[in-house]
Amino acid sequence: MSISRRSFLGAAGLSALALAGKAALNARAQEPKPEPASADSGTRWALVIDPRKCLEAGDCTKCLDACHRAHNVPAINDRAHEVKWIWKERFEDAFPSLQTDYPPDALHDKPVMVLCNHCDNPPCVRVCPTQATWKRHDGIVMMDWHRCIGCRYCVAACPYGSRSFNWSDPRPSIARVNPEFPTRTKGVVEKCTLCEERLAKGERPACVEACPAKALVFGNLVDPDSEVRLLLRSRFTIRRKAELGTRPAIYYIV
Amino acid sequence: MHDRHVILLVLVLFLVLITTPIWYARAAGTTARGPEPKLPELEKACVMPVEYMRTSHMDLLMTWRDQVVRQNLRTWTSPGGKAYTISLTGTCLRCHASKADFCDRCHTYAGVTPYCWDCHVDPAPLHRSRP
């Protein structure tokens with residue numbers, strides 16, 4: 001049986017196309033899927049924040065101070081270099097997509113506590129090339145500072161500005177170093193870890209513990225009788241930029 | 001033999017050069033003896049046998065690091081069955097109270113600069129500076 005040059009080339013081309021198509025399909029099938037809301041582990045840590053209660057306490061900074069002391073967060077005044085774990089954001093800036101021209105007086109222009117949202121679908125985890133940041137089964141978006149190479153992809157990916165890069169050695173900017181917790185070093189990204197080191201000891205996060213107004217409530221979303229679930233059932237809450245599909249675990253009572 | 005002084009000069013130069021390591025060590029205050037890390041007075045046994053710790057403590061520390069950070073496992077059981085809380089500053093440095101007198105002595109001798117202390121805090125100087 002003879003085969004013409006024309007039909008041979010045609011068959012070869014079609015085969016190559018089929019092989020390439022199969023490889024592409026395989027690659028798509030192996031793409032990591034966003035982890036579900038950790039229902040399998042029985043624990044999904046979350047925070048419910050009541051900004052009104054927080055505002056009643058006035059210029060209180062106890063949660064900020066407790067967090068910064070516990071985690072050796074440097075105080076850098078330069079906005080380009082500052083390191084943030086938990087901080088105050090203007091209500092309208094914290095919720096830019098609220099789409100109302102008439103926000104309530106109680107919150108309009110007022111500071112709201114913001115921190116890492118420990119998203120169920122964290123964009124920072126998706127982009128990290130070294131798996132220095134990943135999602136734990138209890139919902140915490142964890143960081144391994146040993147593994148961070150300082151590429152700052154996560155800083156760019158996080159829509160909440162919850163990640164900070166250490167442009168210089170942070171130690172000179174730490175007033176009093178807590179030896180129980182490491183500092184970070186130049187060239188590493190850092191953020192709130194929801195006090196996983198305290199949770200391991202059965203303690204609540206430092207900010208929650210320090211709040212005199214009980215404006216921050218911590219608990220397990222999987223447990224239907226937990227304090228956070230009770231609050232979410234009884235009060236109307238919103239999440240920051242939820243329309244992005246990140247599924248944050250920090251809820252705000254409005 | 002007109003160049004006797006030249007030969008002597010070169011000979012002296014040669015001797016000085018070849019004995020440089022000795023002079024250098026003298027000037028730097030190092031000795032031919034090995035490093036002498038200061039061992040804890042109260043505790044006699046480390047988490048693993050001395051021979052293992054001497055050669056492979058860094059491997060153990062890496063295992064500890066990965067267990068705590070990546071798997072959230074904070075207790076480690078030694079082959080002898082004793083449980084330890086995994087913590088560099090809390091467990092290691094509780095016995096080896098002085099990083100300068102223990103870690104640094106060998107590391108300086110061996111010329112290695114581990115970057116543990118870029119982030120982890122040596123509590124000793126903090127305690128000393130406190131009133």
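**Chains A and B: the reasoning behind the labels**

Modeller: In this predicted model, the order of elements along the sequence of chain B is α-α-α-β-β-α-α-α-α.

Biologist: What does the secondary structure of chain B come to, in helices and strands?

Modeller: Chain B has seven helices and two strands.

Biologist: How confident is the predictor, in terms of the mean pLDDT of chain B and the ipTM of the complex?

Modeller: The mean pLDDT of chain B is 89, and 92% of its residues reach 70 or more. For the complex, the predictor gives an ipTM of 0.77 and a pTM of 0.79.

Biologist: Why is B:Leu8 called exposed?

Modeller: B:Leu8, found in helix α1 (residues 4-18) of chain B, has 10 other C-beta atoms within 10 Å. The label exposed applies at 12 or fewer, so B:Leu8 is exposed.

Biologist: What makes helix α2 of chain B hardly covered?

Modeller: Helix α2 covers residues 20-28 of chain B, and the count of buried residues among its nine residues is zero. A residue needs 20 or more other C-beta atoms within 10 Å to be called buried. Just after α2(B), B:Gly29 takes a positive phi of about 80°. For chain B as a whole, 6% of the 131 residues count as buried.

Biologist: Turning to chain A, why is A:Pro172 called exposed?

Modeller: A:Pro172 has 8 C-beta neighbours inside 10 Å. The limit for exposed is 12 or fewer, so A:Pro172 counts as exposed. Its place is in the loop between β6 (164-165) and β7 (189-190) of chain A. A:Pro172 and A:Ser41 are 131 residues apart in sequence and 40 Å apart in space, C-alpha to C-alpha.

Biologist: Why is β1(A) described as largely enclosed by the rest of the structure?

Modeller: Five of the five residues of β1(A) are buried, so the strand is largely enclosed. A:Trp45, A:Leu47 and A:Ile49 point one way from β1(A), A:Ala46 and A:Val48 point the other way, and all are buried. In a regular strand the side chains alternate between the two faces of the sheet.

Biologist: How do you know that β1(A) pairs with β8(A) and with β10(A)?

Modeller: Pairing requires at least two bridges between two strands. β1(A) and strand β8 (residues 216-220) of chain A have five bridges and run antiparallel, and three bridges join β1(A) to strand β10 (residues 250-253) of chain A, in the parallel sense. Both counts therefore meet the requirement. In β8(A), A:Asn220 stands opposite A:Trp45, and A:Phe218 is the bridge partner of A:Leu47. In β10(A), the bridge partner of A:Ile49 is A:Tyr252.

Biologist: Why is β8(A) also described as largely enclosed?

Modeller: Four of the five residues of β8(A) are buried, so β8(A) is largely enclosed by the rest of the structure.

Biologist: Which residues touch the most other members of the largest nonpolar core?

Modeller: They are A:Ala46, A:Ile49, A:Ile86, A:Met113 and A:Leu216, in a core of 55 residues. Strand β1 (residues 45-49) of chain A gives the most to this core, with five residues. Not counting residues up to four places away in sequence, A:Ile49 touches A:Met113, A:Ala215, A:Leu216, A:Ile250, A:Tyr251 and A:Tyr252. In soluble globular proteins, nonpolar side chains tend to be buried together.

Technical notes. Residues are numbered from 1 along each chain as its sequence is written. Chains are lettered from A and ligands numbered from 1 in the order in which they are written. pLDDT is the predictor's confidence in each residue, from 0 to 100. A nonpolar core is a set of buried Ala, Val, Leu, Ile, Met, Phe, Trp, Tyr and Cys residues joined through C-beta atoms within 7 Å. Two residues are in contact if their C-beta atoms, placed from the backbone, lie within 7 Å.
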